[in-house]
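I set down what I looked up, entry by entry.

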Amino acid sequence: MPCKLQLDSIRCFFDMKYNIISKPKQILGLIVCATQTPRSSVRFYSSKIQLQYQFRSASVSAKMATPTVCDSEKKLITHVIFDMDGLLIDTEKFYTEVQEIILSRFNKTFDWSLKAKMMGKKAIEAARVFVEETGISDSLTAEDFLVEREAMLQKMFPTCDLMPGASRLVKHLHATGVPICVATGSHKRHFELKTQNHGEIFSLMHHIVMGDDPEVKQGKPSPDVFLAAARRFEGGSVDPSKILVFEDAPSGVLAAKNAGMSVVMVPDPRLDSSFHETADKVLSSLLDFNPADWGLPPFTDSAT
Ligand SMILES: O=P(O)(O)OC[C@H](O)CO
Ligand SMILES: [Mg+2]
């Protein structure tokens, strides 16, 4: 007997808009991983596909909250894509700070439910969310919001630090010959400000795709930026199922899944844990990542 709650939990992995639902093997793989029993089954209806299996376990929802990935999926990884803000460099705190300052003018407070809707997106897309969700769009347009925050951000960005474990992981993957790149919602002008003191790490990337790239028509959660990144590796387009993405933002995790890639999420601890469910793996720090779990070359040092 299918359980509605269970089906909704599974449905959260897919975004109908990008037709991920049309990949029955992927759906079944996730179901098997989540239930950890090949005889589990589910009745799953959509406009594109109908699958019918019987659930043996009633505890799928609980297991989905701490998603696991099948060993066979992990071993397929050959390429890695890094998000930038909040993942490689500690810049999300600057966005939070200036948004708190701006909202305080309107006697409103900025919270993490709003932060979750903005982070990872292109600047103008995040700006629209900000003015609309806070109800200030009659007083402040999205465009004016971007102008107002710009002076503050320009001073802050060059002072940013790398996130813990970022340097170690990037250097390790580069040294062991794993092709790596960056896919960020940030536009080029902000990218230059944020990375001016971190040239060593970013120079190890095979390529960098930014939010104002002509191939990125829509920001995350659209898969555009990750699919563009996959196309630019040496040797041409890489099969998304062989790519592992590192992300901190809910929209970024969704974008990677919409692109058909695996995702390790390294979220800020203040982000609601319900956003963890879509990721294949959730870590508190890049220092906790074990490359060998994904078939990537193991570290030979210990994390510090
Ligand atoms: O997290 P990123 O690197 O995609 O950047 C997105 C925005 O610039 C900041 O949320
Ligand atoms: Mg990010």
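How many nonpolar, polar and charged residues does the lining of the largest pocket have? I find nine nonpolar, five polar and seven charged residues. I count Ala, Val, Leu, Ile, Met, Phe, Trp, Tyr, Cys and Pro as nonpolar, Asp, Glu, Lys and Arg as charged, and the others, Gly among them, as polar.

I note that this is a predicted model, in which local features need pLDDT of at least 70 and side-chain atom pairs count only at pLDDT 80 or more, while totals for chains, interfaces and linings use all residues. Residues are numbered from 1 along each chain as its sequence is written, chains are lettered from A and ligands numbered from 1 in the order in which they are written, and side-chain values use heavy atoms, with hydrogens and water left out.

**Entry: the largest pocket.** I looked up its volume and found about 330 Å³ of space. On a 1 Å grid over the protein atoms alone, a pocket is an open set of points with protein on both sides within 12 Å along at least five of seven lines, a cavity is a set where a 1.4 Å probe fits but cannot get out, and lining residues have an atom within 4 Å of a point. Grid points are joined across faces, edges and corners, and a volume is the space filled by probe spheres set on the points. I see 21 lining residues, with Gly 86, Met 163, Val 266, Pro 267 and Asp 268 nearest the centre of the pocket. Helix H5 (92-104) and helix H6 (112-118) are the elements that give two or more residues to this lining. Helices are DSSP runs (H or I, at least four residues), numbered from the N terminus.

**Entry: the cavities.** I searched the whole structure and found two cavities of 30 Å³ or more. The largest cavity holds about 230 Å³ of space, and Glu 92, Tyr 95, Met 118, Gly 120 and Lys 121 are the closest to its centre among 20 lining residues. H5 supplies the largest share of this lining, three residues. The second largest cavity has a volume of about 30 Å³; its lining includes Lys 122, Thr 184 and Val 225.

**Entry: the cysteines.** I found zero disulfides, a disulfide being a pair of cysteine sulfur atoms within 2.5 Å. The sulfur of Cys 160 is too far for a bond, because the closest cysteine sulfur, in Cys 181, is 19 Å away.
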